[in-house]
Amino acid sequence: MTSIGTKLFTWLNGEPVGSDGQGNKYFRDKRGPLTRKDSLRRERRWVVYVGEVEASRVPPDWHAWLHHTTDVPPPEGGPPRRSWMKEHQPNQTGTGLAYRPPGHTLEGARRDRATGDYEAWSPE
C-alpha cells in the first residue's frame, strides 16, 4: 500500500509520465530539473505501486527510465516484443513459486546420486 505521505507528495509535486502493464504509475517532478545543465543533480523520478511495494515489479524498460539510463519514457504498451521474449516476472524468492533445486529441504531433501563422471580433488 502506498502511504498517505507518498500520495500527498505525488499530488503536490508529481507530473504523470505513464504506467506499466501491472498498473504501477510513474511520475517526474513537475517543476522539472531544479539545477543548471552542468550540475550533477538530476530530475526526480518515482513510481507509485499498485498493491505490494516491491522493486522487482518494475519492468526493465521503466527501470531504465527511473535510473536515468534513458531520458525518454517507454512507449504506451511497452517496447515492441519479439517472439522469443518472455514477460517480466517479479522476484519469486520467499514465495511458493520460488525455484528450489532437487535436494532442497522443501523439495523432499533427496537428490539423484552422483554419477561416475565426478572425481574428487585431493591435494598431492
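Tutor: Arg 45 lies in strand 3. This is a predicted model, where local features need pLDDT of at least 70 and side-chain atom pairs count only at pLDDT 80 or more, while totals for chains, interfaces and linings use all residues. Residues are numbered from 1 along each chain as its sequence is written, and side-chain values use heavy atoms, with hydrogens and water left out.

Student: What makes a stretch a strand?

Tutor: Strands (E, at least two residues) and helices (H or I, at least four) are DSSP runs, numbered from the N terminus. Strand 3 covers residues 45-48.

Student: Why is Arg 45 called buried?

Tutor: Buried means under 20% relative accessible area, exposed over 50%, and partly exposed in between (1.4 Å probe, protein chains only). Arg 45 has a relative accessible area of 13%, so Arg 45 is buried.

Student: Which backbone oxygens does the side chain of Arg 45 reach?

Tutor: That of Trp 65 at 2.5 Å, and that of Thr 70 at 3.2 Å. A polar contact is a pair of N or O atoms within 3.5 Å; within protein, one must be able to donate a hydrogen and the other to accept it, and residues adjacent in sequence count only if both atoms are side-chain atoms.

Student: How do you know that strand 2 and strand 3 pair?

Tutor: Two strands pair if DSSP finds at least two bridges between them. Strand 2 (residues 25-29) and strand 3 run antiparallel and are joined by four bridges. In one of these, Tyr 26 has Val 47 as its partner. Tyr 26 also stands opposite Gly 18, and strand 1 pairs with strand 2 in the antiparallel sense over five bridges.

Student: Why is His 68 called partly exposed?

Tutor: The relative accessible area of His 68 is 21%, which is why His 68 is called partly exposed. His 68 has a positive phi of about 60 degrees although it is not a glycine. Most residues other than glycine have a negative phi.
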